[in-house]
Each structure stands twice: as C-alpha cells, then as structure tokens.
Amino acid sequence: MEIGVPKESHDGERRVALTPETAQHIQKLGHNLRVESGAGIAASISDQAYTDAGVEVVSDTKSLYQQSDLILKVRAPGTHPIHGDEVALIK
C-alpha cells in the first residue's frame, strides 16, 4: 500500500502523523511511505530524518495525494492554503 503524509494545514498544528521510527515499523509490514517536504519541521523532524528512515520525501502536494492509497493526518482534512479542499485531493 502507498501511504502519504502531507503537511498539516490547520493553523498552529505542530504535530505530524508519522515519525521516522514509526515509519520503519510500517515499512516492515510491506508498505511504501511518502511524506511531504517540511511536514515534520514544526515537530522538529527534518526531511533528512525521514530519508534516513527510508521514507520518500516529495515536494509536490498534489502528487503526494495522487500517488497515495491512504493519507495519514493528525487532523481531519481541511482547507489547504494553495489547493483548497483537501478532501478533493484524495483519490
């Protein structure tokens, strides 16, 4: 399964739905993970930490949603500052 983790769009949200440590457990189950570049910054998790854990870091929000069978978020989908309704981005 292709799993994507976008940046949280809710103002003031500092959490991220995936840590590098958790990513390793999910990958052992046979799933592929992608995280949007900068998704972990507010939680003090760098893109490099995700890369080191084997997670693909992508910069394009739309492609993250389009390539993912499942989206992991801390909060329910809301309004993305550039792309609008996040529900519309989900395939």
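Reader: Which residue forms a salt bridge with Arg15?
Author: This is a predicted model, in which local features need pLDDT of at least 70, side-chain atom pairs count only at pLDDT 80 or more, and totals for chains, interfaces and linings use all residues. Residues are numbered from 1 along each chain as its sequence is written, and side-chain values use heavy atoms, without hydrogens and water. A salt bridge requires a side-chain nitrogen of Lys or Arg within 4 Å of a carboxyl oxygen of Asp or Glu. The closest N and O atoms lie 2.8 Å apart, and the partner of Arg15 is Glu13.

Reader: Is Glu13 buried or exposed?
Author: Buried means under 20% relative accessible area, exposed over 50%, and partly exposed in between (1.4 Å probe, protein chains only). Arg15, at 48%, is partly exposed. Because its relative accessibility is 12%, Glu13 counts as buried.

Reader: In which strand does Glu56, the salt-bridge partner of Arg34, lie?
Author: Strands are DSSP runs (E, at least two residues), and helices are runs of H or I with at least four, numbered from the N terminus. The side chains of Arg34 and Glu56 meet at 3.2 Å, N to O. The pair links distant parts of the chain, 22 residues apart: Arg34 is in β2 (residues 32–36), and Glu56 is in strand β3 (residues 56–58).

Reader: How many salt bridges does a search of the whole structure find?
Author: Another pair is Lys91 with Asp69, whose closest N and O atoms are 3.3 Å apart. For the whole structure, the search gives a total of seven.
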